[in-house]
Every structure is written in C-alpha cells, then in structure tokens.
Amino acid sequence: VVERKTHILKGPDLTFEEMKFLPQILRGIIDGDGTFGFPSNNENSVYFRIVSASEDFIDWCIHSLNILGMRNINKRMCTDSMWELNTAQHSNISILVNSIYQGQFGMNRKREKLLTVFNKRFNCDPQQ
C-alpha cells in the first residue's frame, strides 16, 4: 500500500520467482484502472486501456505488457494530470485474452464480455 499514491505510484519490483504472477497482476490493474472498448463502427476492433495519474506506473505497465509479448502500445497524456496506455492491435488483444484473462477470478463480467466479443469478432476460441 502506498500513501498518497495518485501521482507517485510505481509498479511492483518483482523478483524472478514472482514474475510468473505478472499476468494476474496486470489483470488486477486492468480490472481496477482499465477499460475495454468495442467500437460499433468497426466490427473487428477491440481495444483496452489503462489510465493513471502516475506516468511511472503507466511506463511500468507498458514494460510489463512488453514482457508478455505486446508491442506498439500507445501512451499519451489524456488530461493535465492523467496518463493513458491503449492498444487495439489484434496480437495484443490475443495476448490479453489468452494470457491475462485466463481463469475464473477477478471481474468476471469484464472477462466474459471480452471473451464473447473476441470470439464473435475474430471467429475463434481463445481457450484452445
């Protein structure tokens, strides 16, 4: 727990042994500070984003997503004090579905919506 963390939060400093929990940590972050988008004007588009007032935290999230294989993640300052990372790249969404959002824990409503839309739009089964 970090007091007054809004602007100073950094990602956890994980040991080598703890790195195996990176997908679950990222899932908790996305469940708490992230959103999925399913634009109706593009039937093949799915995106996710994470928003934070701490640029260091957003940088840690991007680094961690890169470790899992995600590439070309966008970062921008979305207000005077808020940072956002986002991606709609199909390969990144596949990693989100097949690595980060595995298992029945956390925000299952978010998970079920993501899997349903992913399966419908990309005509695949992420559980294979």
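Aromatic rings of Phe, Tyr and Trp are paired here if their centres lie within 6.5 Å. The model shown in these views is predicted.

**View 1. Phe36, Phe38 and Tyr101 form one aromatic cluster.** By the ring-centre criterion, the count comes to three aromatic pairs. In one of the views' pairs, the ring centres of Phe36 and Phe38 are 6.4 Å apart and the planes stand at 45 degrees, so this pair is tilted. Phe36 is buried, with a relative accessible area of 14%, whereas Phe38 is partly exposed, with a value of 21%.

**View 2. Phe36 and Tyr101 form an edge-to-face aromatic pair.** The distance is 5.4 Å centre to centre, with 70 degrees between the planes. Phe36 belongs to strand S1 (residues 34-37) and Tyr101 to the loop between helix H3 (90-100) and helix H4 (108-122), so the pair ties together parts that are 65 residues apart in sequence. Both Phe36 and Tyr101 are buried.

**View 3. Helices H1 and H2 pack at an angle of about 135 degrees.** Helix H1 spans residues 22-33 and helix H2 spans residues 55-67; their axes are 11 Å apart. The two helices are therefore oblique to each other, and their crossing is left-handed.

**View 4. Residues of H1 and H2 that make the helix contact.** From H1, the contact involves Leu22, Ile25, Leu26 and Ile29. From H2, Phe57, Trp60, Cys61, Ser64, Leu65 and Ile67 take part. Classed by residue type, the contact comprises nine nonpolar residues, one polar residue and no charged residues.

Technical notes
Residues numbered from 1 in each chain as written. Predicted model: local features only at pLDDT ≥ 70, side-chain atom pairs only at ≥ 80, totals over all residues. Heavy atoms only, no water. Axes fitted to C-alpha atoms, helices over the stretch in contact; angles between N-to-C directions. Helix = DSSP H or I, 4+ residues; strand = E, 2+ residues; numbered from the N terminus. Parallel < 35°, antiparallel > 145°, perpendicular 65-115°, else oblique. Left-handed = near helix turned anticlockwise from the far one by under 90°. Contact = heavy atoms within 4.5 Å. Nonpolar A, V, L, I, M, F, W, Y, C, P; charged D, E, K, R; others polar. Phe/Tyr/Trp six-rings, centres within 6.5 Å; stacked < 30°, edge-to-face > 60°. Buried < 20%, exposed > 50% of the residue type's maximum accessible area, 1.4 Å probe, protein only.
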